[in-house]
Every structure is written in structure tokens, then in C-alpha cells.
Amino acid sequence: TFFARPLHEIEDFSEKYAREIGLPLYAQGSPSSISEPKLLPLLDAGLCFVEFGIQTAHEPTKRIYNRSDPNERILETAQLLRKHRRRLLPPRYHLILDCPWEPREGVMQTLDLMLRIPGPYQLSIGSLTFFPGTALHDRAKNEGLVKDEFRDIYRKPINWAKGTYPNILVVATGCVLIPRWMIRALSARPFLRLLDRRS
């Protein structure tokens, strides 16, 4: 991620970029690498858009993905971007859905986190895909989750999550036309019992 660079490199880059190029730019980061001292010189250089990966709020699933950012750090970083919203387009956050090892409660924890993050924001939704050569592929293959690699991996739409009720609620958090109070109401237990196909 661009923000993983040390502060002095970001300051040097920002000064040269503003002087020699002067066009708007965007950067990817991570909750643990984005900080205000790094953000400010980039904003002065023309930074207008930031995106970072959240993937999930569920701690056991984070370990599956080798992600270590605590949810509170994710919130702090999102609030930092919100603080500078006059200079930035709404940020984009990346989520992974359809993990066979993540219980419904894990998806609901992600929903809760996304409802706590200040909007507006964009979402980039990924459906977990078991690419060959990865530990997740080996695990999925051993557990019989990959039966036909061509169909289950290469033909799988990776940016289109399954239409489960919890997934739909998570995706709805990125829609500015749907009030958050409504998403919270629709995530109440009676609706989950009635509408979640896995119940």
C-alpha cells in the first residue's frame, strides 16, 4: 500500500508530485498505515481519493485472511478520512463475503462495523475465491469446497457476493439512499430468522 512508505518518503514524493505533475491522484492504504501526518502532505499534493481493505470485522476470519487491523483502528482511520472529507471523494472500503468458515454472526459483526463507519463511502465487495497456489485453496480443496476448478474459481464472479440476507444488508450500507436506521431495523433478529435462508 502506498501509505506503508515512511513519512519522509511520502513528504518527498508529495513535494515533487505537486511541483512536477500537479494532477489529482489516489492512493490505497491500510488502516494501520494511514495516518494524518502522511495524509496531509498527500492532500496538499492533490490526493483526492483513498481506499483500503477491511475484509471483515470478525476476528477469527481476520486470522484466516492474515489481517491484523483491530476494528477500533479501522474506525479511527475511517474517521480521519471523514475529517478531511472536504478535500476527498467518499472513500472506498474493500470487504470479502462468502467465506465458508465465517459464521453468520461474523457477517453481522461486519455489518455492525460498517454501520459505525461514517458515510458516505463506496464498497468494493469480493466473493472469497480460492486461487490455486494459496493456503486457502489447499484448505478448500481438502474440505471438498472446490470440486471443479474451472467453474468454482475461474468462472466464478469474484465481485458478486451470494444473495444471502446478511450479505444484502452489508452491501446496503454502501448505498446512500438507504437510511442506516432502516438497515439496523432490518438486521433485527425477527427479520434474520424470517429472511436468512441459512436459518
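This is a predicted model: local features need pLDDT of at least 70, side-chain atom pairs count only at pLDDT 80 or more; totals for chains, interfaces and linings use all residues.
1. Along the sequence they follow the pattern α-β-α-β-α-α-β-α-β-α-α-α-α-α.

2. On overall dimensions, the C-alpha atoms fill a box of roughly 55 × 40 × 25 Å along the principal axes. The chain has 199 residues, and buried ones make up 43% of them.

3. Gln 55 has phi near 70° and belongs to strand S2, residues 47-55. Is Gln 55 buried or exposed? Gln 55 counts as buried, because its relative accessibility is 11% and the cut-off for buried is under 20%. Asp 98 also has a positive phi, near 70°, but its place is in the loop between strand S3 (92-97) and H5. With a relative accessibility of 15%, Asp 98 counts as buried too.

4. Please also check the peptide bond between Gly 119 and Pro 120, which is cis, with omega about 0°. Pro 120 sits in the loop that runs between helix H5 (104-116) and strand S4 (122-127).

5. Now to the charged side chains. As a reminder, side chains of opposite charge can pair when their charged atoms come close. Searching the whole structure gives 13 salt bridges. One of them joins Asp 12 to Lys 16, with 3.2 Å between the closest N and O atoms. These two are 4 residues apart in helix H1 (residues 7-20), so about one helical turn separates them. Both partners are partly exposed: Asp 12 has a relative accessible area of 38%, and Lys 16 has 39% relative accessibility.

6. Glu 76 pairs with Arg 73 in a salt bridge whose closest N and O atoms are 3.7 Å apart. Both residues lie in helix H4, 3 residues apart, about one turn of the helix. Glu 76 is partly exposed at 44% relative accessible area, and Arg 73 is partly exposed at 27%.

7. Which side chain meets Arg 116 in a salt bridge? The partner is Glu 72, at 3.0 Å from N to O. Because Arg 116 lies in helix H5 and Glu 72 in helix H4 (residues 71-83), this pair ties together parts that are 44 residues apart in sequence. Arg 116 is partly exposed at 40% relative accessibility, and Glu 72 is partly exposed with a relative accessible area of 45%.

8. A further item for the salt-bridge list is a network that links Glu 15, Arg 19 and Glu 20.

9. Leu 195 is part of helix H10, residues 189-195. Why does Leu 195 count as partly exposed? Its relative accessible area is 39%, and partly exposed covers the range between the cut-offs for buried, under 20%, and exposed, over 50%.

Technical notes. Residues are numbered from 1 along each chain as its sequence is written. Side-chain values use heavy atoms; hydrogens and water are left out. Buried means under 20% relative accessible area, exposed over 50%, partly exposed in between (1.4 Å probe, protein chains only). A salt bridge is a side-chain nitrogen of Lys or Arg within 4 Å of a carboxyl oxygen of Asp or Glu.
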